[in-house]
Amino acid sequence: MTQSSKPEAGGGLPVVQYWVENSLSPQGLKLWQTLNHKSACLSCAWGTGGQEGGFVNEAGESLQRCAKSVEAIASELQAPLKAHFFDQYTIQGLQQLNSQQCDRLGRLSYPLLLKAGGSHYQRISWEQVYQIAEQAFRQPPERVACYSSGRSSNEAAYLLQLMMRALGSNNLADCSDLCHAASTVGLKQVFGSGTSMVSLDSLKHADCVVLVGSNAPANHPRLMNELIKLRERNGKIIIINPQIEVGLVKFASPAFPIKSLLQGGSDISTFYVQPIPGSDTALFVGIQKSLIEQNLVKQDYLQAYTQGWQEVINYAQQTSWENITNTCGVSPEEITAVAHTIGKSERVVFAWAMGITQHSNGVDNVKSIANTALLTGNAGKLGAGTMPIRGHSNVQGFGSMGVTIRLREEIKQALSQLLGHSLSETPGYDARALIDAAEAGKINSLFCLGGNLYAANPDLHQAQRALGKINTIFYVATKPNLGHFHGLAAQNTLILPVYNRFENPHKTTTESGNNFVRLNNEGKSHLQPNNSDLISEVELITEIAHRLHGETPINWRRLQDTTYVRQLIAKTIPGYAKIGDIDTTKSEFTIAGRIFTEPKFATPDGKAQLSVTPLPELNIPPVDSFSISTPVQGIVVILGTGRSYGQHNTVVYRSEDKYRGMPHRHCILMNPNDIKKGGFEEHQRVKVKGDAGELENIEIISGAIREGVGFMFYPEANVLFKAHIDPRCGTPAYKRVPVLVYR
Ligand SMILES: Nc1nc2c(c(=O)[nH]1)N[C@H]1C(S)=C(S)[C@@H](COP(=O)(O)OP(=O)(O)OC[C@H]3O[C@@H](n4cnc5c(=O)[nH]c(N)nc54)[C@H](O)[C@@H]3O)O[C@H]1N2
Ligand SMILES: Nc1nc2c(c(=O)[nH]1)N[C@H]1C(S)=C(S)[C@@H](COP(=O)(O)OP(=O)(O)OC[C@H]3O[C@@H](n4cnc5c(=O)[nH]c(N)nc54)[C@H](O)[C@@H]3O)O[C@H]1N2
Ligand code: SF4
Ligand SMILES: [Mo]
């Protein structure tokens, strides 16, 4: 595909095409029925919910669910894998499949076991599963671990951590460790609360949004409607992203059909700033410096509601413009214009995603944004504040339910009361630490509630090696993925099929990134008892826990009725009191203590805590550090890895990304000047080498990305690089991967 055939706006026709294709497919009817099922969207954490007759957002407005929602449902509605499928294909054969092919195999429909040295996954009974589980969990607690991904329910998440804590293990790794952990850690330090302080309703009052390191048109499409409305009320939108994402410049939303038809879409960005990857802290210190110089800092506010602001102001004043511009690659003039817009706006929301968190200074990135919000008085009032845009549809709920290695003191107390003993003080492993511990032979058993721990990690060879040292791994999943075929355990690898959110035989709840709790009704699966053998996640976990812990002090089997789980949640999880009677009230609610519309925060003294965020030192390794023996023609670029339009995390739905003009998965997006400098031409096939591995036959695509920067899709790119993490939150620097592009 050539540059000229790229769409000139995000959203628009490709989205409509997708809707039509899916609605006319054989699953079309079931798809429409599912879209009307009362349950939260499976895809992202923006929190859109289905209900009879349509979908609503958290402000109660009816709207279309986006194509991403349809994509996720369509994939869940696939036919079941045939009973003899796994007899026909060896594990070596299955390892040849790519992500999309794995997903297309169909829904997992019966429990499977692959034994050490075995060539095939074999069907087993649930009774066999429980027997293996009993043995696997009866191990020293520090050698038992779990990993989870944010699509399961609050109830399953709560039970998972309760079972682990009852065992005495704190090894609760979660996909959020690879995602927004930097936001949770950073915001907790500043405000005492690790989630967004802005509700959807509050966002509607903003007159400026600063959107940093987010590709919302693809990953949080319904946020785009809010941005369009903000521009329509003369608000300003500042985009900060090294790459021009076309949908952040102009977006054609089905909610604004006239604009989409007549003008090709609605304008989004007022300013589009393209910093060097990993330099956002420097950019925000620059914005702070300029705010001071333009006399736009809210001194009275800082004095009344915050601590530590003098140091932050001193640091910005002392840091030279030269240092700032050299680090972030943005001119003082451009920074000044942005600062002016922020400082002159009344109500600014600062929102961000992975471009901010996935760096070795991710926590500083988050804090530098929070500091900027505070210097301008934009925290603790309607229409303003800090807003991490969460990933998986219930990833935030997992954190709230205590699936974390950083358990809040209040929850710890409450859980130890419930369990009748104090919780273990042994620190748990987060996702990265878990891989390292496994590689060092310290883990015997691993229970994965969803996700794809193998492919989500950096350095896929290390991930494979590490998982291969664990005796028993349980993969609880709805569909096959790369991890099931490459992340094999030393002795027993099990794949356990479960119902998804709209199929569970009981009610569940989920929490959105805006702190809104939705009730998901009971559903029915299209998989029939005669061709499948699925259970719910809640049944699976409670049954294992029952066999391990018996009936006291917790009657686990009784908790198979999720009403009782919600009652426990209400008693033990801060802000969740209303969940206790949600079955009868049916009232979905905003979690107490999270949304700040007054400048009184969740810190001990109620004041926000600013602290200095040092400028990062960003280096570009020379060509000869890539240990290539013969002289090569090539160029070193800083690679950002991320999602294409047609994928959900490690699961690829379609191979091309029309919006970026990337026709397949094996492309690198580069600036035209870098293509020339490297001595290449567009569409040429090259090698890309990082500090952990190399990919061959990668097609160069020319695009609107900052000079010196490249972009590739994950999970394929994860073979290239080792994990360089921010030690404060454990999140890998997926967005700053130095690579050599060469022939
Ligand atoms: N359809 C769909 N929806 C999804 C997902 C999906 O895979 N598909 N995944 C879900 C999940 S788990 C998550 S976490 C979110 C992810 O949502 P996003 O965070 O929007 O996704 P990414 O593709 O990781 O890319 C983030 C953006 O960061 C920019 N960026 C890279 N480096 C930098 C930098 O140093 N500074 C700045 N300012 N920007 C940078 C990239 O150019 C890119 O536009 O989406 C969720 N929603
Ligand atoms: N290079 C690079 N790597 C990255 C990132 C990046 O930007 N760049 N992003 C990181 C981020 S932000 C994240 S969140 C992680 C994602 O990491 P994970 O959350 O571990 O991976 P997913 O691909 O979302 O997991 C998908 C699988 O979940 C299973 N599943 C789906 N629905 C359900 C359900 O209802 N129940 C159960 N039990 N299973 C279900 C399906 O089998 C599916 O195959 O990847 C991280 N890795
Ligand atoms: S924006 Fe997110 S939550 Fe809303 S419909 Fe789209 S994928 Fe679902
Ligand atoms: Mo994520």
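Ligand 1 of this predicted model is surrounded by 30 residues, of which the closest are Asn-215, Asn-241, Glu-245, Gln-647 and Asn-649; a residue is taken to be near a molecule if one of its heavy atoms lies within 4 Å of it. An oxygen atom of ligand 1 lies 2.5 Å from an N or O atom in the side chain of Glu-245, and an oxygen atom of the ligand lies 2.9 Å from a polar side-chain atom of Asn-219. A polar backbone atom of Gly-355 is found 3.3 Å from a nitrogen atom of ligand 1.

Residues are numbered from 1 along each chain as its sequence is written, while chains are lettered from A and ligands numbered from 1 in the order in which they are written. In this predicted model, local features need pLDDT of at least 70 and side-chain atom pairs count only at pLDDT 80 or more, whereas totals for chains, interfaces and linings use all residues; side-chain values use heavy atoms, with hydrogens and water left out.

Ligand 2 is surrounded by 33 residues, and the closest are Tyr-147, Ser-149, Glu-537, Thr-650 and Asn-718. The side chain of Tyr-147 places an N or O atom 2.6 Å from an oxygen atom of ligand 2. For Asn-718, a polar side-chain atom lies 2.6 Å from a nitrogen atom of the ligand. The backbone also takes part, with a polar atom of Gly-451 located 3.1 Å from an oxygen atom of ligand 2.

The shell around ligand 3 includes Cys-41, Cys-44, Trp-46, Arg-65, Cys-66, Lys-68 and Arg-222. By class, this shell has 5 nonpolar, 4 polar and 3 charged residues. In this scheme Ala, Val, Leu, Ile, Met, Phe, Trp, Tyr, Cys and Pro count as nonpolar, Asp, Glu, Lys and Arg as charged, and the others, Gly among them, as polar.

The protein is divided into domain 1 (85-178 + 394-498 + 535-573), domain 2 (181-391) and domain 3 (623-742), with bounds that come from an automatic or database domain assignment. The C-alpha centres of domain 2 and domain 3 are 26 Å apart. Their contact (heavy atoms within 4.5 Å) takes 29 residues from domain 2 and 23 residues from domain 3. The size of an interface is often given as the accessible area lost when the parts come together. Between domain 2 and domain 3 the buried area, which is the accessible area (1.4 Å probe) lost by two parts on being put together and summed over both, is about 2,000 Å², with 54% given by carbon and sulfur atoms. On the side of domain 2, Gln-243, Pro-277 and Gln-358 lose the most area to domain 3, together 29% of what that side buries.

Side chains of opposite charge can pair when their charged atoms come close. A salt bridge is a side-chain nitrogen of Lys or Arg within 4 Å of a carboxyl oxygen of Asp or Glu, and by this rule the count comes to 33 salt bridges. Between domain 2 and domain 3 the count is 2 salt bridges. Glu-245 forms a salt bridge with Arg-660, in which the closest N and O atoms are 2.9 Å apart. Elsewhere, Arg-432 and Asp-436 meet in a salt bridge with an N to O distance of 3.6 Å. These two residues are 4 residues apart in helix H24 (residues 431-439), and are therefore separated by about one helical turn; helices (H or I, at least four residues) and strands (E, at least two) are DSSP runs, numbered from the N terminus.

Most residues other than glycine have a negative phi, and most peptide bonds are trans. A cis peptide bond joins Thr-552 and Pro-553, with omega about -5°, and Pro-553 lies in the loop between helix H28 (537-549) and helix H29 (562-572). The peptide bond from Tyr-714 to Pro-715 is also cis, with omega near 10°.

Notes
Polar contact = N/O pair within 3.5 Å; in protein donor to acceptor, adjacent residues only side chain to side chain.
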